[in-house]
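This report is meant for a reader who is meeting this structure for the first time. It goes through a few places in turn, and the sequence and the structure are shown here for reference.

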Amino acid sequence: MIDFTLTETDQAVLDHARAGALLCRKHARYYDENEHEMAPEVLPEAEAFFANTPRPPAAGPEDTSPPVMMALHTMVQHWGDYTIRLKRSGGGLGNAALAAAGTPEQQAKWGGLVLSMAITEPGCGSDPSRVSTSAVLDEETDEWVINGEKIFVTTGIRADAAVIWATLDKSAGRAGIKSFLVEKGTPGFDVPHKEKKLGIRADDTAAYVFSDCRIPRANLLGGDESISKKTSGGFRGVMKTFNMTRPMTAAMGLGLAEAALDFTREQLAEADVEIDYMAGLSSQTAAAEKFIRLEAIFDASKLTTLQACWLAGEGKPNNMESSVCKAHAGGAVRAITQGCIEILGSMGISRDHLLEKWTRDCRITDIYEGTGEIQRLIIARGLFDYTRADLK
Ligand SMILES: Cc1cc2nc3c(=O)[nH]c(=O)nc-3n(C[C@H](O)[C@H](O)[C@H](O)COP(=O)(O)OP(=O)(O)OC[C@H]3O[C@@H](n4cnc5c(N)ncnc54)[C@H](O)[C@@H]3O)c2cc1C
């Protein structure tokens, strides 16, 4: 049976994270206005705080499912503000891809690096089979020669290396796409610009250019063996990581939406607007009724996200559920933050408060890691047993 009851230790971990998240919130406006400033050292207070995070004991049968706990932790941290991302140690999406598609030797060699993940190109976003960055093996030097351009790479500047998707043979479609690890500083690997964004400005997002960039043959994830396999080192490994990272993307957005709800609830209380949960919607003021509806959307979205995580923790397939929670959260966080602005009026868009920023920050929930439309395609294929060719 699904059970989201938290143990005392898990609750203590979340309470600790909430306090740390508030420290990051203090810097939220600064990093919103100074996009790409890469100075996590200005958050020493938060760094020191998180270094002392209590560690939960290894999960036993009675403990909270680790993926559920991870989602709750992510939600709590982003409730503080997206600025929490500045204090991130560890890696990005590229690390998840290395764990899924790399050989044990590759994982041991690069697992300690911060790895970005570069799939998107100017001509390829939702449909990654259109990747045109090329990888050609130079048999004489035993090196791959990479040429192409990547855009919107999260952690693109801070990363020590990138996991990139490149094609060995464009005519082979998905089967020709493999992933490679390219270290920063490799000649021919440039970071020509940083992307300027509507929101999540505390995240560094960059473009990459590869011009005759030579990397060792051994940098093909999965090793030479993956060349003969149809999907290994390419789609299958990375798609598997999305089943866990999509719920985390949902959790990030939901953390911001929860912050918006909490702020609005406080403002309603200050204005003496009572919310009576026992009275039924028709007996509420218009503002309270609207607020309760937003809370209901939040709860539904949170539960679908935890369900996808719980399935992962049980070792059960969660491909469809991870798309359901991502698609739902993408719309939910938009509706919630916009709804909060509608309830609060001018206060909602004032830069004296963070609500307008959270509204901009959470817009990305429905874009990266597959847009809402793409998630709905995956859900429809799963529900009706359609193939990719039937429904595209
Ligand atoms: C801040 C940020 C960070 C990012 N980080 C990364 C990263 O780290 N690594 C990385 O590789 N990429 C990253 N991306 C890229 C992101 O994954 C893509 O933007 C996303 O996949 C959508 O691709 P696109 O922008 O090319 O839009 P397009 O694919 O051009 O789509 C445009 C519109 O058409 C819709 N659409 C497309 N195909 C269909 C279809 N078949 N049916 C119905 N509707 C469809 C889409 O939903 C969208 O609304 C990031 C993007 C942003 C904004």
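## A buried threonine

T133 has a relative accessibility of 1%, and because buried means under 20%, this residue counts as buried. The model is a predicted one, and in it T133 sits in the loop that runs between β1 (115-118) and β2 (134-138).

Leaving aside residues up to four places away in sequence, T133 touches E121, I146, N147, G148, E149, K150, I164, W165, A166 and T167. With one of these residues, E121, the contact is also polar, since the side chains of T133 and E121 make a polar contact at 2.7 Å.

## A partly exposed glutamate

E143 belongs to strand β3, which covers residues 143-154. Its relative accessible area is 24%, and E143 is therefore partly exposed, a class that lies between the limits of 20% and 50%.

When residues up to four places away in sequence are not counted, E143 touches V136, L137, D138, R214, I215 and R217. The side chain of R214 makes a polar contact with the side chain of E143, at 2.9 Å. C362, by comparison, is 219 residues from E143 along the chain, and the C-alpha atoms of these two residues are separated by 41 Å.

## Around the ligand

The ligand is surrounded by 20 residues, of which T120, S126, F152, T371 and E373 are the closest. For S126, a polar side-chain atom lies 2.7 Å from an oxygen atom of the ligand, and for E373 a polar side-chain atom likewise lies 2.7 Å from a ligand oxygen atom. I119 takes part through its backbone, with a polar backbone atom 2.8 Å from an oxygen atom of the ligand.

## Helix α1

Helix α1 consists of 18 residues, 8-25, and from its first C-alpha to its last it reaches 26 Å, close to the 26 Å expected at 1.5 Å a residue. Its buried residues are D10, V13, L14, H16, A17, G20, A21, L23 and C24. These residues lie on the same side of α1, because they cover an arc of only 165° around the axis. Among the elements that cover the buried residues of α1 are α2 (28-33), α3 (44-51) and α4 (66-80).

## Confidence in the model

The average pLDDT of the protein is 90, and 92% of the residues score at least 70. Among its elements, α3 has the lowest mean pLDDT, 74, while strand β6 (residues 189-190) has the highest, 98. Where pLDDT is low, the predicted coordinates should not be read in detail.

Key
Residues are numbered from 1 along each chain as its sequence is written. This is a predicted model: local features need pLDDT of at least 70, side-chain atom pairs count only at pLDDT 80 or more; totals for chains, interfaces and linings use all residues. Side-chain values use heavy atoms; hydrogens and water are left out. Helices (H or I, at least four residues) and strands (E, at least two) are DSSP runs, numbered from the N terminus. The expected span of a helix is 1.5 Å times one less than its number of residues. Buried means under 20% relative accessible area, exposed over 50%, partly exposed in between (1.4 Å probe, protein chains only). The arc is that of the directions from the helix axis to the C-beta atoms. Contact means heavy atoms within 4.5 Å. pLDDT is the predictor's confidence in each residue, from 0 to 100. A polar contact is a pair of N or O atoms within 3.5 Å; within protein, one must be able to donate a hydrogen and the other to accept it, and residues adjacent in sequence count only if both atoms are side-chain atoms. A residue is near a molecule or strand if one of its heavy atoms lies within 4 Å of it.
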